[in-house]
Amino acid sequence: MIVLGIETSCDETAAAVVSSDRTIRAHKVLSQITEHREYGGVVPEIAARSHLEHLDRLIAATMDEAGLSFRALSGVAATSGPGLIGGVLVGVMTAKALAAVHDLPFLAINHLEGHALTVRLSDGVEFPYLLLLVSGGHCQLLAVDGVGRYQRYGGTVDDAAGEAFDKTAKLLDLGYPGGPALEAAARQGDATRFTLPRPMMGRPGCDFSFSGLKTAVRQALAGLEAPSEQDRRDLAASFQAAVADILEDRSRNALQRFREERGQPAPLVVAGGVAANEVLRQRLGQLANAEGTGLVAPPLRLCTDNAAMIAWAGLERLRLGDRAPLDFPARPRWPLTELRPPGDPDDA
Ligand code: ATP
Ligand code: MG
Ligand code: FE
């Protein structure tokens, strides 16, 4: 089976072709970073127009790279939510049109399920596993028992992890987009110089909180007379260390809960844009080892938004007999826990 995937939920216009033997046959991501940079964040209307302008040609180029005609496909998958509704609509309408014209199944993919199943594409990981999903809009710990089978252990009560990176980077004037810029600055900083809070750490459960940490960075910055570049690097490193501590602590609780409830350890999987962070990957690797299991992290290009993960989630659903009706709506909000396995009578 071969599926074309389309991703337009935020500021990446992406298309990819993936086959069920886990081969990525074509992979294209067009970033809109330069279009949003002067605003310091993603502008939904600009994003939607840009997707509309570029998607058709990007899909044609992707099919070219794969060396395939639409006739060779088994289905067309598109992110149908959650995300910025204008962009999601562009991807969904395009995928539905292609599916209708070429008489192919349409697969409505939850973007978060795309992130959640990526390690099955990259590393062939088997169910069940424990997932730390850390992205621009989400921060959650979940037990993943199968396609459409997610048990939520906890999540953020305020900002998402990526959002915290982005806001803190903006505060520190480190450049856009914030996550990678902050990581680069932190590489030259002293992580022990500033003592920042670690909200929720040491408490039972698997919830997160980052807004107090961000405020502490703002206060530390305000306490400096004329912050030098080195001051900002040290603050970046101290912030990153605090986030890594929090994520490690919460993930430990989740791994222990899984083992207590199921009588066996689960592999730890990290996914979403923040999973590209090297310090975090290292810390989670150490945690997984200490807990008698292993860490699986996708390659960097599959951590941030891409369409290979959407094509793969489409393949996983297609081979379980799923397909979505052509009136399936685009959903701006769509929690993972509302998903059901294909064929389940409650499948949304
Ligand atoms: P969601 O997946 O929740 O809908 P999204 O699709 O916008 O949100 P992703 O593309 O999955 O988010 O991830 C983008 C986020 O990852 C941004 O917040 C970005 O700052 C962060 N990020 C990317 N690279 C790094 C890095 N190296 N270190 C820390 N954060 C990073
Ligand atoms: Mg993005
Ligand atoms: Fe994402």
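A nonpolar core is a set of buried Ala, Val, Leu, Ile, Met, Phe, Trp, Tyr and Cys residues that are joined through C-beta atoms within 7 Å. In this model, which is predicted, the largest such core has 110 residues, and those with the most contacts inside it are A77, L130 and A311. The largest share of this core, twelve residues, is supplied by helix 8, which covers residues 229-262.

If residues up to four places away in sequence are not counted, A77 touches V3, G5, I6, A95, L107, I109, I310, A311, A313 and G314.

Another alanine, A216, belongs to helix 7, which spans residues 211-222. A residue counts as buried if 20 or more other C-beta atoms lie within 10 Å of its own, and because A216 has 21 of them within that distance, A216 is buried. Apart from neighbours within four places in sequence, A216 is in contact with L196 and P197. A216 and F239 are 23 residues apart in sequence, and their C-alpha atoms are 9.2 Å apart in space.

We can now turn to a pair of helices. Helix 4 (residues 111-122) packs with helix 10 (residues 308-318) at an angle of about 80°, their axes being 8 Å apart, and the two helices are therefore roughly perpendicular to each other. Helix 4 contributes E113, G114, H115, L117, T118 and L121 to the contact, while helix 10 contributes A308, M309, I310, W312, A313 and E316. Of the residues in this contact, seven are nonpolar, three are polar and two are charged.

Methods: Residues are numbered from 1 along each chain as its sequence is written. Chains are lettered from A and ligands numbered from 1 in the order in which they are written. This is a predicted model: local features need pLDDT of at least 70, side-chain atom pairs count only at pLDDT 80 or more; totals for chains, interfaces and linings use all residues. A residue is buried if 20 or more other C-beta atoms lie within 10 Å of its own, exposed if 12 or fewer, and partly exposed in between; C-beta atoms are placed from the backbone. Helices (H or I, at least four residues) and strands (E, at least two) are DSSP runs, numbered from the N terminus. Two residues are in contact if their C-beta atoms, placed from the backbone, lie within 7 Å. Axes are lines fitted to C-alpha atoms, for helices over the stretch in contact, and angles run from 0 to 180 degrees between N-to-C directions. Angles under 35 degrees count as roughly parallel, over 145 as roughly antiparallel, 65 to 115 as roughly perpendicular and the rest as oblique. Ala, Val, Leu, Ile, Met, Phe, Trp, Tyr, Cys and Pro count as nonpolar, Asp, Glu, Lys and Arg as charged, and the others, Gly among them, as polar.
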